[in-house]
Amino acid sequence: MENTLFIALSRQMTVRRQMESVANNLANANTAGFKAERLMFVEHLSKSPDGKQKMHFVQDIATARNYSSGQMKETGNPLDVAVDGPGWFVVQTANGEPRYTRDGNFRLNQEGQLTNGSGLVVLGAGDAPITLRPDDQNIRIKADGTVSAGDDVRGRLKLVEFENLYKMKKAEGNVYIGGGEPLDAEKSSVIQGTIEGSNVQPILEITEMMNALRSYQGASKLIENEHERMRRAIDRMTREQ
């Protein structure tokens, strides 16, 4: 197989993964707190197995995530909370490990504990769950995360920040694994009755999808032309013999 085909095939494989990333962004355009993702590509050279040819390959090397805030949407639901600033809510997995999210679409489980949409318990100060009683009314969440029912305080939402967001890793669901030691959220506050929407911009994603489709079609055409060229060359050699 010649260098041209290696180039085209490597491009097709990376475009396929690019399309998967775009499709995932579009699927989460309405997911609270979702952060859009982009693949990063690099072209590099290597030698063919016989060492006589230089091979040009395209490879996706990493996923870049856009951590800018999404649009704030007022819902009026007292358990909906948005983060104003670079902070993150802390939730706890079944094995006790902390995870981080910007999705503040909270609800209560059967024990009255505040949870996220996936059922993970939302942690308060001191890494303790925040529990509300069945008869609690007039639930308020202050800017510092203090949760109260009437005059009774039920806890305070734990908010953290990270020095380098780009070290964070996506975990299953709309949560993340922290990048380094979490810091106290000194630059963040919360807004009750509001949800931070996804920062996905559907028009840009559709444009990206169209560009990827054209790139894939171009690589396919290149492969077809190269196959035809090789067929003609083999046919010519056969006739000369």
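Arg102 is buried, because its relative accessible area is 4%. Buried means under 20% relative accessible area, exposed means over 50%, and partly exposed is in between, with a 1.4 Å probe and protein chains only. Before I go on, this is a predicted model: local features need pLDDT of at least 70, side-chain atom pairs count only at pLDDT 80 or more, and totals for chains, interfaces and linings use all residues. Residues are numbered from 1 along each chain as its sequence is written, and side-chain values use heavy atoms, with hydrogens and water left out.

What does the side chain of Arg102 meet in a salt bridge? The partner is Glu196, at 2.9 Å from N to O. A salt bridge here is a side-chain nitrogen of Lys or Arg within 4 Å of a carboxyl oxygen of Asp or Glu. Arg102 sits in the loop between β6 and β7 (107–108) and Glu196 in strand β18, so this pair ties together parts that are 94 residues apart in sequence.

Lys35 is buried, like Glu196. Put together, Lys35, Arg102 and Glu196 are linked in a network of salt bridges. As background, side chains of opposite charge can pair when their charged atoms come close.

Another salt bridge joins Glu37 and Arg65, with the closest N and O atoms 3.1 Å apart. Glu37 is in strand β1 and Arg65 in strand β2 (residues 54–65), so to speak distant parts of the chain, 28 residues apart. Glu37 is buried at 12% relative accessible area, and Arg65 is buried at 10%. How many salt bridges does a search of the whole structure find? It finds nine.

Now the aromatic rings. The whole structure holds six aromatic pairs. Rings of Phe, Tyr and Trp (for Trp, its six-membered ring) pair if their centres lie within 6.5 Å; planes under 30 degrees apart count as stacked, over 60 as edge-to-face and the rest as tilted. Trp88 and Tyr176 are an edge-to-face pair, 5.3 Å centre to centre with 70° between the planes. Trp88 is in strand β5 (residues 88–92) and Tyr176 in strand β15 (residues 176–177), so the pair ties together parts 88 residues apart in sequence.

Tyr100 belongs to strand β6 (residues 98–101) and Phe162 to the loop between β13 (159–161) and β14 (169–170), so the pair ties together parts 62 residues apart in sequence. Tyr100 and Phe162 are both buried. There is also an aromatic cluster, made of Tyr67, Trp88, Tyr166 and Tyr176.

Next, a hairpin. Strands β11 (residues 146–149) and β12 (residues 152–156) run antiparallel and are joined by four bridges. Two strands pair if DSSP finds at least two bridges between them. Thr146 stands opposite Arg156 in β12. Two residues lie between the strands of this hairpin, and Gly150 in the turn has a positive phi of about 70°.

Where do we find a positive phi in a residue that is not a glycine? One is Asp127, at about 60°, and another is Asn138, near 50°. Asp127 is in the loop between β9 (121–122) and β10 (139–141), and Asn138 is found in the loop between β9 and β10. Asp127 is partly exposed at 43% relative accessibility, whereas Asn138 is exposed at 52%.

Last, the whole chain. The protein has two helices and 18 strands. Buried residues make up 39% of its 241 residues.
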